[in-house]
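Biologist: Could you take me closely through the salt bridges of this model, and say where the paired side chains sit and whether they are buried or exposed?

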Amino acid sequence: MISTRKTILFSIITAAAIGILIIVANNWRNKTFVNKITIKGNLTISESEILTAAGLAADSLINLDELNLAFIRDRIAKHPEIKRVFVSKEPPSELIIEVSEKKPIAVLVKNTELNLIDDDREVFSIRNFEKVFDLPVINGLDESRKDYKSDLDIAVNFIKSAYAKGKYIQNQISEINMSDSTRLTVFSNDRPTVFYFPKISRESESAEIYSAKLGVFKKFIDDEIIKKNLNCEYVDLRFSNQIIAKLN
């Protein structure tokens, strides 16, 4: 009798265990796991760095149905060089992460520290020093001054105008110093020369004025400094229809 009871009990336990295993196996089979993570839009930030920011690994076993896309997006968005990020699921088993990197237009000297700034005035730290090559430097700003924001806007608008004029003019600008309240001081790269530009605080006017002044800037460098080998202490471009140059 005891042996029969043990046999029945063992059979019940075995049947229950098999039933549990079948349920677990079915649940496992019904789950969809990520087998591919695709990262798009990254130019200078590596895929591994983005995955680290997201808290993921390329070979992670992740249930696609349980993924919190907002959580992943928010973690990646904290990366100092990422401007925007979109995270989505692509059936049957792909996770897509699409980023837009911040594109620095200048190195900003801020409180004696070097930072990067983009055309939306977003300031962020330098993580990849390859990005600072060939970028103009904005210097001479003081956050304690009331005109700090205005001067920063002027410098950014000037650089955007330079970029719009093409690679040649962009490469000619080494540094923009904003310390003088009456003028914008630009140091050229080719045969280093100091140029003075007006400070245009009204953004609606600055693009047109700076575009015209930068055309004169390029012509003076080409015709006078390079062709005629002119050596100037400074060239003042602040005034209409005239250039004031002090020769060394």
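**Salt bridges, pair by pair**

Modeller: At 56% relative accessibility, lysine 228 counts as exposed, because the cut-off for that word is over 50%. The side chain of lysine 228 meets that of glutamate 224 in a salt bridge, with 3.4 Å from N to O, and glutamate 224, at a relative accessible area of 21%, is partly exposed. Please keep in mind that this is a predicted model, in which the structure holds 19 salt bridges.

Another of these pairs joins glutamate 233 and lysine 246, whose side chains meet at 3.5 Å, N to O. This pair links distant parts of the chain, since glutamate 233 belongs to strand E11 (residues 232–236) and lysine 246 to strand E12 (residues 244–247), 13 residues apart. Glutamate 233 is partly exposed, with 39% relative accessibility, and lysine 246 is likewise partly exposed, with a relative accessible area of 39%.

A further salt bridge is formed by the side chains of lysine 199 and aspartate 151, at 3.2 Å from N to O. Lysine 199 lies in the loop between strand E10 (194–197) and helix H6 (203–227), while aspartate 151 lies in helix H4 (residues 148–164), so the pair ties together parts that are 48 residues apart in sequence. Both lysine 199 and aspartate 151 are buried, which means that each has under 20% relative accessible area.

Finally, salt bridges can also join into a network, as they do here among Lys83, Lys102, Asp118, Asp120 and Glu122.

How values were computed:
Residues numbered from 1 in each chain as written. Predicted model: local features only at pLDDT ≥ 70, side-chain atom pairs only at ≥ 80, totals over all residues. Heavy atoms only, no water. Salt bridge = Lys/Arg side-chain N within 4 Å of Asp/Glu carboxyl O. Helix = DSSP H or I, 4+ residues; strand = E, 2+ residues; numbered from the N terminus. Buried < 20%, exposed > 50% of the residue type's maximum accessible area, 1.4 Å probe, protein only.
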